[in-house]
Amino acid sequence: MDRYARWNALLELLTESGRVTVEEASERLDVSQATIRRDFDQLAQQQMITRTRGGAVANGVSYDLPLRYKSAKHSAEKQRIGEAAARLVTPGTVVGLNGGTTITEVARALAVRPDLNAGGEGSQLTVVTNALNIANELLLRSRMKIVVAGGVVRPQSFEVVGPLGGALLKEVTLDIVLLGVDALDVELGAASHHEGEASMNSLMVARAKRVVVIADSSKLGGHAFARICPISKIETLVTDSGAPAATIAAFQDAGVDVITA
């Protein structure tokens, strides 16, 4: 287990219990107590936890982990979801992408599709994104036209938020938006932990002819702070095969087409 995967696991332990000792964490993660002490010290320096004698306590009831710490979580499922979502995109269209680990997999799958990178008349894909890492993935690996919304960058997610980016999004039309979310619920709709990201994502939804939510099964039925859009705005959900049948049925009953990867 690498350092970021350990940090992610430690923060999840703290989210569950609120407090954990060095000895408990060492046993759960099967690493030395010296390693756990170093991890705790480094997380405390970043103000993500509070160090205590013999352990650590959570700083809050939940964590919006930096993107670089999330990449190992549900990675196989996210890759399959990304490939399935990329198949919904056709050449010559305008695609909206926000940020997050699952959308990163979507971008990677788009970048390697030959038909989207042929460069022929009318076949070039245009991607509109508010995530710097997504733009970077596509610029390095494809010949697509990349449009990046301006504004203030959130270090947590590499997403740009604020009125500057919103001004651009209000002036474009998207054929399809592939939207990563922190939570998706039949009653509450799609949501994000951060209100600035939710606002940008809402603008993408408003400017899109088709809205596709990309979410692994751990996000389904969950709640997050800021709503992006109601379920009625979502045409398709792409998730993994770990989603319970009852959950899938509930989304289908609400009029959402569900694709499992």
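The legends below describe several close-up views of a predicted model.

**Figure 1. Division of the chain into two domains.** The chain of this predicted model is divided into domain 1, covering residues 3-60, and domain 2, covering residues 75-260. Between the C-alpha centres of domain 1 and domain 2 the separation is 32 Å. A pair of residues gives a further distance: E12 and R154 are 142 residues apart in sequence, and their C-alpha atoms are 22 Å apart in space. E12 is part of helix α1 and counts as partly exposed, with a relative accessibility of 29%.

**Figure 2. The crossing of helices α1 and α3.** Helix α1 spans residues 3-17 and helix α3 spans residues 33-45; their axes come within 11 Å and cross at roughly 80°. The two helices are therefore roughly perpendicular to each other. On the α1 side the contact is made by R3, R6, W7, L10 and L11, and on the α3 side by T35, I36, D39, F40, Q42 and L43. Sorted by class, the residues of this contact are 6 nonpolar, 2 polar and 3 charged.

**Figure 3. Surroundings of R6 in helix α1.** R6 is found in helix α1 and is one of the residues through which α1 meets α3. Although its side chain is charged, R6 counts as buried, at 12% relative accessibility. Apart from neighbours within four places in sequence, R6 is in contact with M1, L29, V31, T35 and D39. Of these partners, T35 and D39 also belong to the α3 side of the helix contact.

**Figure 4. Two loop residues with positive phi.** Most residues other than glycine have a negative phi. D30 is not a glycine, yet its phi is positive, at about 60°. D30 lies in the loop that links α2, residues 22-29, to α3, and it counts as exposed with a relative accessibility of 70%. F158, likewise not a glycine, has a positive phi of about 65°. Its place is in the loop between β7, residues 152-153, and β8, residues 160-161. F158 counts as partly exposed, at 30% relative accessibility.

**Figure 5. The largest nonpolar core.** In soluble globular proteins, nonpolar side chains tend to be buried together. The largest nonpolar core of this model has 32 residues, and those with the most contacts inside it are V181, L184, I228, I234, L237 and F251. At least two core residues are supplied by each of β9 (176-180), α9 (195-207), β12 (211-214), β13 (226-229) and α10 (245-253). The largest share, 5 residues, comes from α9. F251 touches L184, D185, V186, L220, I231, L237, V256 and V258, when residues up to four places away in sequence are not counted. A second, separate core has 28 residues, among them A86, L125, A135 and V238.

**Figure 6. The enclosed helix α6.** The buried residues are T101, T102, I103, T104, E105, V106, A107, A109, L110 and A111. A107 has its place in this helix and is buried, with a relative accessible area of 1%. The C-alpha atoms of A107 and A86 are separated by 7.7 Å, while the two residues are 21 residues apart along the chain. A86 is included in the second core, the one of 28 residues.

Figure 7. E137 is found in helix α7, which covers residues 132-141. With a relative accessible area of 15%, E137 is below the 20% limit and is therefore buried. Leaving aside neighbours within four places in sequence, E137 is in contact with T104 and R108. Of these two partners, T104 is among the buried residues of α6.

Notes:
Residues are numbered from 1 along each chain as its sequence is written. Side-chain values use heavy atoms; hydrogens and water are left out. Helices (H or I, at least four residues) and strands (E, at least two) are DSSP runs, numbered from the N terminus. Buried means under 20% relative accessible area, exposed over 50%, partly exposed in between (1.4 Å probe, protein chains only). Contact means heavy atoms within 4.5 Å. Domain bounds come from an automatic or database domain assignment. Axes are lines fitted to C-alpha atoms, for helices over the stretch in contact, and angles run from 0 to 180 degrees between N-to-C directions. Angles under 35 degrees count as roughly parallel, over 145 as roughly antiparallel, 65 to 115 as roughly perpendicular and the rest as oblique. A nonpolar core is a set of buried Ala, Val, Leu, Ile, Met, Phe, Trp, Tyr and Cys residues joined through side-chain atoms within 4.5 Å.
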